[in-house]
Amino acid sequence: MKHLSSSDVRKLHQQLVQMRTRLLDEIQAAEAEIKTALVAQEGEGRTGSDTLELIGFEEVRRSEIEIDQRQLRAVQEAERRISEGLYGICTDCGAAIARERLLALPAAIRCVLCENKQALQ
């Protein structure tokens, strides 16, 4: 973390905290929407097309929840790395992750070169 000032780390940690809060709120809201839709379906006489529409809605929301949960795990991992003094160090090659990259993607765990290699695999 030597390439990051203590001010940078504080700023990035605050961004991670805000991201974690937002993701938890989004997950909770999506789960509530699914529950509400399912309860509404039970209380009404629905046709087959209504049921298909509900299934589609539920699948989309569950996919969104999965994406949010992956992002949440990445944020939690970044917070752990901060506490261990490993934040901003590429997990693949051990090089410093560029400050600009971390400001854009606070949960980044790889430098650009290693991320590009990972994407090609």
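## The largest pocket

How many nonpolar, polar and charged residues are in the lining of the largest pocket? Keep in mind that this is a predicted model. By class, the lining splits into eight nonpolar, one polar and five charged residues.

As for space, the largest pocket holds about 280 Å³. It is lined by 14 residues, and those closest to its centre are Gln71, Ala74, Leu105, Ala107 and Ala108. Two elements, helix 1 (6-43) and helix 2, each give two or more residues to the lining. Helix 2 gives the most, with four residues.

## Arg61 on helix 2

Arg61 also belongs to helix 2, which covers residues 48-84. Is Arg61 buried or exposed? Its relative accessibility is 16%, so Arg61 counts as buried, the cut-off being under 20%.

What is Arg61 in contact with, once neighbours within four places in sequence are left aside? The list reads Ala29, Ala30, Glu33 and Ile34.

## Cysteines without a bond

A disulfide is a covalent bond between the sulfur atoms of two cysteines. The count here is zero disulfides.

Cys114 is in no disulfide either: the nearest cysteine sulfur to Cys114 is that of Cys111, 3.6 Å away.

On accessibility, Cys93 is partly exposed, with a relative accessible area of 46%, while Cys114 counts as buried at 7% relative accessibility.

Conventions:
Residues numbered from 1 in each chain as written. Predicted model: local features only at pLDDT ≥ 70, side-chain atom pairs only at ≥ 80, totals over all residues. Heavy atoms only, no water. Buried < 20%, exposed > 50% of the residue type's maximum accessible area, 1.4 Å probe, protein only. Contact = heavy atoms within 4.5 Å. 1 Å grid on protein atoms, 1.4 Å probe; cavity = no way out; pocket = protein on both sides within 12 Å on 5 of 7 lines; lining within 4 Å. Points joined across faces, edges and corners; volume = space filled by probe spheres on them. Nonpolar A, V, L, I, M, F, W, Y, C, P; charged D, E, K, R; others polar. Disulfide = S-S within 2.5 Å.
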